[in-house]
Protein chains: 2
Amino acid sequence: MRRKPGQLLDLEAQILAVAVDVLVGGDSPEFHGFGLAKRIADREGSQRLTSHGTLYKALGRLEDAGLLSSRWEDHEVAEAAGRPRRRLYRVSSAGQAAIALHVSASQPALDDRTAAFGQGIEPA
Amino acid sequence: MRRKPGQLLDLEAQILAVAVDVLVGGDSPEFHGFGLAKRIADREGSQRLTSHGTLYKALGRLEDAGLLSSRWEDHEVAEAAGRPRRRLYRVSSAGQAAIALHVSASQPALDDRTAAFGQGIEPA
DNA sequence: GCTTGACAAGAAGATATCTTCCTATAAGGT
DNA sequence: ACCTTATAGGAAGATATCTTCTTGTCAAGC
């Protein structure tokens, strides 16, 4: 697919959006791949639009790009919960900036929206 | 299936046989569930005759009965290998006795075998 | 001999991460 | 305009343990 440098793909933007969401939303500022997959699947209304492999690769890319950072969950926590260890991700400030930029870039200009509204056409 | 007390089921006997095998065979006297499943599947010539759930339940039974003991693999080892932690099992002496008894009990008596041979009927 | 109930078998799936392999597509060069 | 190629997408599966739910069967009691 060869990407234009500095551009976010749809999936990556979704991931960052969720990442910012958990960051702002209280609780813990961290999330893990599996939970992310469920969130996206839920949001998408469908059954796992994104396969796990694809998601983990995207997470790796984002981390390589410095938009996410990760650490392994403590042994004790995973064991107490009786499940495999998770890898916990967190948005970096660069990541926050990237998603903000992406959103504003993909938002139609205000004039266009106003014009559409004037003609009874609601923006998606 | 309600078992006669003190009797080994087929699957359990197979597990113990493998356990004794690794014990005697050198290397490490320990084995883990997943590897066991592969061994049994290989031996059985077929594709996973025993589902994983069934196998882990049988392992639990054998441990409860004191025929096997188990411990969790060290974190470091699993991590170095890049895989989930294994649970390592080992036959106890009671287990060794049990499988020995089971084998001798299911073996047809010598007289019977000789008699069968005498009539040209090979024992299964 | 017949019924009943305990318990094993197996399917299915939850939990989590990551790799390999093939395909499809868009970005960039000519 | 066209072709090449890097790379994203997705399927599939490896790695490991364990739970839940249903079905089936054997042993024991009557």
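Hi everyone. Of the 124 residues in chain A, 16% are buried, where buried means that 20 or more other C-beta atoms, placed from the backbone, lie within 10 Å of the residue's own. Please keep in mind that this is a predicted model, in which local features need pLDDT of at least 70, side-chain atom pairs count only at pLDDT 80 or more, and totals for chains, interfaces and linings use all residues. Residues are numbered from 1 along each chain as its sequence is written, and chains are lettered from A in the order in which they are written.

Let's walk along chain A. Starting at the N terminus, the order is α-β-α-α-β-α-β-α-α.

Now, how do the strands of chain A line up? They form an open sheet in the order S1-S3-S2, with antiparallel pairing; strands pair if DSSP finds at least two bridges between them. Strand S1 (31-32) and strand S2 (68-72) of chain A are at the edges with a single partner strand each, so one side of each has no neighbour in the sheet. Between S1(A) and strand S3 (residues 87-91) of chain A there are 2 bridges, in the antiparallel sense. If you look there, you will find A:His32 opposite A:Leu88 in S3(A).

Next, two helices. Helix H1 (residues 10-24) and helix H5 (residues 93-106) of chain A pack at about 120°, their axes 10 Å apart. The axes are lines fitted to C-alpha atoms over the stretch in contact, and angles run from 0 to 180 degrees between N-to-C directions. H1(A) and H5(A) are therefore oblique to each other, the word for whatever is not under 35 degrees (roughly parallel), over 145 (roughly antiparallel) or 65 to 115 (roughly perpendicular). Who makes the contact, meaning C-beta atoms placed from the backbone within 7 Å? On H1(A) the residues include A:Leu16 and A:Val20, and on H5(A) they include A:Ile99 and A:His102.

Finally, chain B. Here 3 strands form an open antiparallel sheet in the order S1-S3-S2. S2(B) and strand S3 (residues 87-91) of chain B are joined by 5 bridges and run antiparallel. B:Arg71 sits opposite B:Leu88 in S3(B). Helix H3 (residues 52-64) of chain B packs on this sheet and touches S2 and S3 of chain B.

Note on methods. Helices (H or I, at least four residues) and strands (E, at least two) are DSSP runs, numbered from the N terminus. Two residues are in contact if their C-beta atoms, placed from the backbone, lie within 7 Å. A residue is buried if 20 or more other C-beta atoms lie within 10 Å of its own, exposed if 12 or fewer, and partly exposed in between; C-beta atoms are placed from the backbone.
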